[in-house]
Amino acid sequence: MTRPGLLAATILSAAGLAASTAAAEDLTLCWAAWDPANALVELSKDFEAQSGHTMNFEFVPWPNFADRMLNELNSGGKLCDLLIGDSQWIGGGAENGHYVKLNEFFETEGISMDDFAPATVYAYSTWPKGEPNYYALPAMGDANGWFYRKDWFEDPDIQAAFKDATGRDLGVPETQMELMEIAQFFQGREIDGQTRYGVSIFTERGSEGITMGATGALYAWGFKYENEPGSYDMEGAVNSADAVEALEFYKELYETATPPGYTDSYMEQSLDAFKSGQVAMAMNWFAFFPGLYADPDVGGDKIGFFVNPPQKVAASTLGGQGISVVSYSDKQDAALEYIKWFAQPEVQQKWWDLGGYSCHVDVLNAPGFKDSAPFAPDFLQAMDAVQDFWQEPAYAELLLAMQKRLHDYIVADQGTAQEALDMLIEDWTEVFEDEGKI
């Protein structure tokens, strides 16, 4: 998939990556199975030509990605030489010895973390957080954003009906509450002879879906995991009055503005609801926006994009990943060659052109970047205000607890928002006590 107005590919010189004098290796890179992975396969053909190494790829569907790859790491498996692992894995990858520490390599090869967006270095590369200890190179910037049926928003009859109903003009929502109002306006509305709905959001319980969705609201209300970073003091932060209000908001959005039966939805279901014309707006990762824009039915002039709206603060749920060398690989030198190649500015530019999300400042700060895709300005805005889930080594247990508490309250209609967050603190306290953190 190509960026509008940009060449799909550029011929890159071999400068900066001489053909390896070492024996050619077969390398395996592991990642999730989605559109950016296909772009990476195309991009990596240049590395193969320049290095003499052969790239193989192990792409696992998102619902199974974490279980498959974390099991591989925890067993010391040798499947992956390179792994593009989720941001939340960086703590476990570092403390459990799964990832090669890259500081010495970066220094030797002249790779500076100052060349990558600070938020992505912090989130994808460092452990402990913010310390100059690097276990990954920022590979795929991403955040949870929004897209909408621009053609519906610009329809004069729909605009008039919205004005009559709300007293204001229909446009891209500037707050979470405006998003709710617009979604509820479209809920059950007949457009072109079909019943439409307001919004598709994340409600899935099995992996990470409802957490990644609800935090979009929580962060916009100022949610924090701790009163002080590193303190594990969660009382009054996780269950603050603002957090309760945000969670109540997300539940109301689910109950009053989503398609029927929308009880277990994540990336694929959100995309399907939008592409099939069911909803006026949808949340999903920026990674999918190039494919959406190119969609023959709902893309082009029919689609628009916007960043997660603020309520009390500007904030977006972080996605994206860094690329790490797996410590159990027998081909670490060749894997490091790939890291060196991938870090080059011209490779990073081509990565963006092909549909990946570069984190390199030379790409992001280029004069034409904001005009290179209709969602490029929103991507920059989102990445300036991203927040991530716990990156603790015990993140899987922490995530399971949040998935349960949120789904029980929002979808299963059990208890109150206050009770859900109070119990979440109890769950997390138990995990951290077991970890010896508190």
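Which residues are linked with Arg 168 in a network of salt bridges? The network consists of Arg 168, Glu 178 and Glu 181.

## Basis of the model

The model is predicted: local features need pLDDT of at least 70, side-chain atom pairs count only at pLDDT 80 or more, and totals for chains, interfaces and linings use all residues. Residues are numbered from 1 along each chain as its sequence is written, and side-chain values use heavy atoms, with hydrogens and water left out.

## Salt bridges

A salt bridge is taken as a side-chain nitrogen of Lys or Arg within 4 Å of a carboxyl oxygen of Asp or Glu. Side chains of opposite charge can pair when their charged atoms come close. By the rule applied here, the structure has 16 salt bridges. One of them joins Asp 330 to Lys 78, with an N to O distance of 3.2 Å. This pair links distant parts of the chain, 252 residues apart: Asp 330 is in the loop between β10 (316-325) and α13 (332-342), and Lys 78 is in the loop between α2 and β3. Helices (H or I, at least four residues) and strands (E, at least two) are DSSP runs, numbered from the N terminus. Asp 330 counts as exposed because its relative accessibility is 63%; the classes are buried under 20% relative accessible area, exposed over 50%, and partly exposed in between (1.4 Å probe, protein chains only).

Arg 168 lies in the loop between α7 (156-166) and α8, and Glu 181 lies in helix α8, so the pair ties together parts that are 13 residues apart in sequence. Arg 168 is partly exposed, at 21% relative accessibility, and Glu 181 is also partly exposed, with a relative accessible area of 27%.

## Asp 408 and Arg 205

Asp 408 is placed in helix α17 (residues 395-410). A salt bridge connects Asp 408 with Arg 205, the closest N and O atoms being 3.3 Å apart. Asp 408 is in helix α17 while Arg 205 is in the loop between β7 (197-200) and α9 (209-220), so this pair ties together parts that are 203 residues apart in sequence. Asp 408 counts as buried because its relative accessibility is 9%, whereas Arg 205 is partly exposed, at 34%.

The side chains of Asp 408 and Arg 205 are also joined by a polar contact of 3.3 Å. A polar contact is a pair of N or O atoms within 3.5 Å; within protein, one must be able to donate a hydrogen and the other to accept it, and residues adjacent in sequence count only if both atoms are side-chain atoms. With neighbours within four places in sequence left aside, Asp 408 is in contact (heavy atoms within 4.5 Å) with Arg 205, Asp 413 and Gln 414.

## Cysteines

A disulfide is a covalent bond between the sulfur atoms of two cysteines; the criterion is a pair of cysteine sulfur atoms within 2.5 Å. A search of the whole structure finds one disulfide, which joins Cys 30 to Cys 80 at an S to S distance of 2.0 Å. The torsion about this S-S bond is about -95°, so the disulfide is left-handed. Cys 30 lies in strand β1 (residues 26-32) and Cys 80 in the loop between α2 (62-74) and β3 (82-86), so the pair ties together parts that are 50 residues apart in sequence.

Both partners are buried: Cys 30 has 0% relative accessibility, and Cys 80 has a relative accessible area of 3%. Cys 359 is in no disulfide, and the nearest cysteine sulfur, that of Cys 30, is 20 Å away. Cys 359 is buried, at 1% relative accessibility.

## Strand β8 and its partners

Strand β8 (residues 279-285) is mostly covered, with seven of its seven residues buried. Strand β4 (residues 137-149) pairs with β8 in the antiparallel sense over five bridges; two strands pair if DSSP finds at least two bridges between them. Tyr 148 has Met 281 in β8 as its bridge partner. Strands β7 and β8 pair in the parallel sense over three bridges, and Tyr 197 stands opposite Val 279 in β8.

## Phe 185

Phe 185 is in helix α8 (residues 176-186) and is buried, with a relative accessible area of 7%. Leaving aside neighbours within four places in sequence, Phe 185 is in contact with Ile 158, Ala 161, Phe 162 and Ala 165.
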